[in-house]
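Morning, everyone. I have one structure to walk through today.

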Amino acid sequence: MDPSRAFGLSEGYFAQAGFSADEFIEQISQVDLEFAKKNAVFEPKPFVRTFERALEKLTAAQGELGANIAQLERSTKAYSEDHRKKMARLKQTFSTVGSSFERLETQISEVGSNTIRIGEQLDTVAKEKDRAEAIKELVEFYAELNEGNTARLDELLEGGSEGMVKVAHTLRRLNTIVVDNQYSAPTDSAAKRQIEIYSENFEKNMLESFEAAYRDNDVHNMSVAARTLDAFNGGVSVVKAYINQHPFFVSSMINQSQDSIAEASYQSMEGVSDIAHAPPPPDRWLAQLYADTREMMFKDWAVVSKVFPRPIDVMQQLLKRVFEQTIQGYLETLLGRADRQSKLAFLRVLSSSHAETRKLVEDLQRFDAETVTPAVMVLETARRSGNMPQGLLDMPDISQTSSAQFSRSRSKKPAAARGRGGEAIDDDDDVDDEAAARDRLGEARSGVSSAVAIAALIGRSEGENAGVGLLNGFLNRCCDDLFESYIAGGNYIKVEQQHLKDAFRQILAPFARSRVERQSTTRGNALLGMFSSVTGGGAGQGASGSPGAGNGLSGTGGGNAGHAGGQAAAESEASITAAAARTLLQVHAEAIARAVGLESDSASAGAVANLTSLLLLTLGDDYVFPALEDIIEGLQDLRQEPDLRIFGALRTANVIMRLVQTHFQRALVPFVGTGSYIYRDMVGEKNQLMSRVEISLNLISNKLVGACTQWLAGILGRQRKNDFRPADDDFTAFEMGTQPCRQCTDYLYRIRQACQQSMGTENQERVLADIGNSLYRMLMDHFRKYVVSVAGGLVLVKDVSKYREAIASFALPALVDKFAILQDISNIFVVQPAALKSLLDEGPLARLDRATLQGFVQMREDGKTSSAVRQFLS
């Protein structure tokens, strides 16, 4: 009973979560509290009595609760003991059941083992029985043939395809017995002779039946004969007969002379031996042959898969015959003709033929992986499971559909077949699309046929990699065998290297020839100068190029103009050009493409490295460096005006190096990679070449700047003493300046133009700054060497103005400022003596050293007569 009811409270009052003792006391004493509020005096007795009654009720409730707890504990203990006993009994029961199951399992295993042994014994007995019956039957056939009786065999032959297959098996076993035992007794020799005669006639009749069905396009009878001969001798003879009379091998074009075909087709390969001509397309007859091979293989699979029990072996034999007889024979003739013409022709024909052959092999491998292999694998699975059909005749014509679809999926449709002596076997059940193929699947007469058809459908999904087919390795070997004698053992790379050497020599021949001619001409001119000095010939006569001198050199009269034109052409050929470098790189790129296509993956990187080393060696030692050495040698003679075309040669060398870098990144690195030691070696060789060229270019640039400065100094050295003391009526000097000034400024303009045309901004500024600063220093010294009159001061101002204009065209602010100071210095010679002090002390010239200014002032004509001038000099 809930004690809450004894106090008139709600049930579960003491058990609630928010129970409070203060609230409980307040509730039970509420009546007493109200009574106490009405009386003025507090009376504790009502409260005591209330609390005593509450305490009695709580004590009684506590006792009742304790009794309930004790009762529940006794009940729980009894239930727990009962549960423990039940679990013990259950555990014992489960243990008993487990033991029973183990005994039962052991008994079942023993029964199973006995059953297996009984089955194996029964199988052995059955095999022994079958073998005994087969031996008995063979003995009976052998005895009958020994007596010359072939009635039973003839009767089996008339029993249809199954009877013929049984006869084939029987004859094969009889021949095996004859060969193994080598009977020599007279009674046995008759049986042996009879077996051989009957076997020979049987094989002959089956082959005739196959050939007749082949001519009539009778696929069913072809299959019967093929299966029969496969049981007789493994199908060797029927496969040979099928291939020998194949239209592909007996066509009129195939039987033509290979020389005549190669000659006619080779003539169409225009420019095959010209390095300037792009490589021609592959030999047209070879491409046609490969297109016919594709078409033949796609079509023949439809027939082979239906006729022969082992179609993959037939396809191998057929492909082997095509590669070893037809393709190899023509390739040998074609490559032999190209080799007799030139190495380049041989390499180009070899590369294009190899690439075209690889395309053929890849197409056949794709057809094999998508169509042939799936069908063969399903047939093999069916054979192993014992659900093998009698042949492939029950297969729907999915292979033909696959080949047609495969042909349509190619970007280039195979060319029409060549004229052939016979007609290829056409299947009347060609399927044009996948929906029709599914209809044919529904008509399949066995689960195996449907599985084969489905495999073919799945295998020919366009754009899907069907994996590696059964013929993959065989086709790769066929391709490798065709070109092994031309590529393996380093044969190809040796020819390629020799071709590159010859091609590079041919491209650089004009440069080498002109260089030799120019060197000979230089030596001849030197000898002529020595001869003239010995004989006392005048310089004026030598300079005028008299007819006598010309005749003495050339042996012909009046040929000076032609000789000058030829010399100019020779100089042009003797200088380096970007066009020649591009030709070298193009020839090298073509060789790299051939090496990558012909060499194996493991050897291609090494071949690329070897060919690249040859390119860098030729480009550097045979072309760029000889040209730069000639330039350096030409700059040694400071008596000659420096040829400003050298700036163009420097630019050309720089362009060639950039072309080499671009060629290296685009044409070489993709085939070598960046993580191999070969790549590191190639980078080292390339960087070494570029570093050597850069050093040479810097040296030539410095020498050229020095030569130009020296030439300007030589022009200034031609200044006459009276140039700055002209007569009063010499208006030419007042208007145009002195002749050395005009020559210097003209040369400066030509230097600036040559730099702008041949150099980048940074190099151009450096060269022009060096020349301008050198000229400034030379002019500062130059104008302190000549006495300048009042009229000569005007001429000097004119000269400085022209110098300043020429330097301003350099567009270098630092030089412009320097020559502005030089312009102020020129005013020293035109101002009046009284204004000289203010010019020197107050203007821009005040920043110059006084000793430097005195050097200019003392060259005034009135320097000794004017007191103002003498005062500044003192």
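Start at residues 183-187. Here pLDDT stays under 50. The model gives this stretch five contacts beyond four places in sequence. Now go to residues 388-466. The pLDDT is below 50 there too. That stretch has 138 contacts in the model beyond near neighbours in sequence. How should we treat such places? Where pLDDT is low, the predicted coordinates should not be read in detail. Remember, this is a predicted model. So what is the mean pLDDT of the protein chain? It is 77. And 78% of the residues reach 70 or more.

Next, helix H29. It covers residues 761-782, which is 22 residues. From first C-alpha to last, H29 reaches 31 Å. The expected value is 32 Å, at 1.5 Å a residue, and H29 comes close to that.

Which residues of H29 are buried? There is a list. Among them are Gln764, Val767, Leu768, Ile771 and Gly772. Further along, Ser774, Leu775, Tyr776, Met778, Leu779, Met780 and His782 are buried as well. What covers them? The cover includes helix H25 (645-672) and helix H26 (677-716). It also includes helix H28 (739-758), helix H30 (790-808), helix H31 (813-826) and helix H33 (850-857).

Take two of those covering helices, H28 and H30. Two packed helices are described by the angle between their axes and the distance between the axes. The axes of H28 and H30 come within 9 Å and cross at roughly 5°. That angle makes H28 roughly parallel to H30. Who makes the contact? From H28 we have Pro740, Cys741, Arg742, Cys744, Thr745, Leu748 and Tyr749. From H30 we have Asp799, Lys802, Tyr803, Glu805, Ala806 and Ile807. Sort them by class: eight nonpolar, one polar and four charged residues.

Last topic: backbone angles. Look at Asn217, in the loop between helix H6 (186-215) and helix H7 (219-233). Its phi is near 55°, a positive value in a residue other than glycine. Is Ala811 buried or exposed? Ala811 is exposed, with a relative accessible area of 59%. Asn217 is partly exposed, at 33%. Ala811 lies in the loop between H30 and H31. Ala811 is not a glycine either, yet its phi is positive, about 60°.

That's my tour. Over to you.

Definitions and conventions:
Residues numbered from 1 in each chain as written. Predicted model: local features only at pLDDT ≥ 70, side-chain atom pairs only at ≥ 80, totals over all residues. Heavy atoms only, no water. Helix = DSSP H or I, 4+ residues; strand = E, 2+ residues; numbered from the N terminus. Expected span 1.5 Å × (residues − 1). Buried < 20%, exposed > 50% of the residue type's maximum accessible area, 1.4 Å probe, protein only. Contact = heavy atoms within 4.5 Å. Axes fitted to C-alpha atoms, helices over the stretch in contact; angles between N-to-C directions. Parallel < 35°, antiparallel > 145°, perpendicular 65-115°, else oblique. Nonpolar A, V, L, I, M, F, W, Y, C, P; charged D, E, K, R; others polar. pLDDT = per-residue confidence, 0-100.
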